[in-house]
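Subject: Handover of a structure and the findings on its helices

Dear colleague,

Please find the structure below, together with its sequence.

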Amino acid sequence: MNECERLKLAYQYAEEKHRGQYRKGGEPYITHPLAVAKILREKGFGIDYQITALFHDLLEDTDASEEMIEKLGGKNVLKAVKLLTKSDGYNMSEYVAGIKSDPIAFAVKGADRLHNLQSAFVASIDFKKRYIRESREWYFDFCPEIPEAIKALADSIEDQT
């Protein structure tokens, strides 16, 4: 199967599994993993990175199976998706260290955090403050655009007060 077919099947699976889920702003949830995949594609990351982006929330937020993720994405994609999945009672230091140990998971988490920062303008002030604090503490160095996105979100809080 060629890369284009792999990406199309991965998108169809992610879209099916996220169907009926919505973001805080009301848009269909699939727009988020699709935006994360686009960020990675624009930065020159390959197909496994883009498929991981499409799948990054599946294990945490849907009934998707590891078997199907591996079938559609391969072993490297499944490994990265598992590292990106928060388990009940997870330890943040261990979670972030696991992500940093895998180049695919690291790049996807950076793009994920960037997109979330860019789209958090619809969230409450309290959520924005918590998200900014967490981003500064744990994800500041995950991609070069994150510090600027944090500043823009913080500026939006000042504009609201």
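This is a predicted model: local features need pLDDT of at least 70, side-chain atom pairs count only at pLDDT 80 or more; totals for chains, interfaces and linings use all residues.

**Helices α8 and α9**

Two packed helices are described by the angle between their axes and the distance between the axes. For helix α8 (residues 103-119) and helix α9 (residues 125-139), the axes come within 11 Å and cross at roughly 155°. Angles over 145 degrees count as roughly antiparallel, and α8 and α9 are therefore roughly antiparallel to each other. Their crossing is left-handed. On the α8 side the contact is made by Lys-109, Arg-113, Asn-116 and Leu-117, and on the α9 side by Tyr-131, Glu-134, Ser-135 and Tyr-139. Sorted by class, this contact of α8 with α9 has three nonpolar, two polar and three charged residues.

Helix α8 also holds His-115. Is this residue buried or exposed? His-115 has a relative accessible area of 14% and is buried, since buried means under 20%. Apart from its neighbours within four places in sequence, His-115 is in contact with Arg-23, His-32, Ala-35, Val-36 and Ile-39.

**Helices α3 and α8**

Helix α8 meets α3 as well: the axes of α3 and α8 come within 9 Å and cross at roughly 55°. That angle makes α3 oblique to α8, and α3 passes α8 in a right-handed crossing. The residues that make the contact are Asp-48, Tyr-49, Thr-52 and Ala-53 of α3, with Pro-103, Ile-104, Ala-107 and Val-108 of α8. By class, the contact of α3 with α8 has six nonpolar residues, one polar and one charged.

Phe-55 belongs to helix α3 (residues 47-55). With a relative accessible area of 0%, Phe-55 is buried. Which residues does Phe-55 touch, not counting those up to four places away in sequence? They are Ala-10, Tyr-13, Ala-14, Ile-69, Leu-72, Gly-73, Val-77 and Val-81. Phe-55 and Ile-30 are 25 residues apart along the chain, and their C-alpha atoms are separated by 9.9 Å.

**Leu-58 in helix α4**

Leu-58 has its place in helix α4 (residues 58-61). Its relative accessibility is 0%, so Leu-58 counts as buried. Beyond its neighbours within four places in sequence, Leu-58 is in contact with Tyr-13, Ala-14, Lys-17, His-18, Ala-64 and Ile-69. Between the C-alpha atoms of Leu-58 and Ile-69 the separation is 8.8 Å, and the two residues are 11 apart along the chain. Ile-69, Tyr-13 and Ala-14 are also among the residues that Phe-55 touches.

**Helices α5 and α6**

The axes of helix α5 (residues 66-73) and α6 come within 7 Å and cross at roughly 135°. How are α5 and α6 oriented to each other? At this angle they are oblique, because only angles over 145 degrees count as roughly antiparallel. The crossing of α5 and α6 is right-handed. From α5, the contact is made by Glu-66, Ile-69, Glu-70 and Gly-73; from α6, by Lys-75, Val-77, Leu-78, Val-81 and Lys-82. These residues of the contact of α5 with α6 divide into four nonpolar, one polar and four charged.

In helix α7 (residues 92-100), the buried residues are Met-92, Tyr-95, Val-96, Gly-98 and Ile-99. Seen down the axis of α7, they fall within an arc of 155°, so they line one face of the helix. An α-helix has 3.6 residues a turn, so residues three or four places apart point the same way. Against which helices do the buried residues of α7 pack? Their partners are α6 (75-84), α8 and α9.

Tyr-90 is found in the loop between α6 and α7. Its relative accessible area is 33%, and Tyr-90 is therefore partly exposed. Tyr-90 and Val-36 are 54 residues apart in sequence, and 23 Å apart in space from C-alpha to C-alpha.

With kind regards

Methods
Residues are numbered from 1 along each chain as its sequence is written. Side-chain values use heavy atoms; hydrogens and water are left out. Axes are lines fitted to C-alpha atoms, for helices over the stretch in contact, and angles run from 0 to 180 degrees between N-to-C directions. Helices (H or I, at least four residues) and strands (E, at least two) are DSSP runs, numbered from the N terminus. Angles under 35 degrees count as roughly parallel, over 145 as roughly antiparallel, 65 to 115 as roughly perpendicular and the rest as oblique. A crossing is left-handed if the near helix is turned anticlockwise from the far one by less than a right angle, and right-handed if clockwise. Contact means heavy atoms within 4.5 Å. Ala, Val, Leu, Ile, Met, Phe, Trp, Tyr, Cys and Pro count as nonpolar, Asp, Glu, Lys and Arg as charged, and the others, Gly among them, as polar. Buried means under 20% relative accessible area, exposed over 50%, partly exposed in between (1.4 Å probe, protein chains only). The arc is that of the directions from the helix axis to the C-beta atoms.
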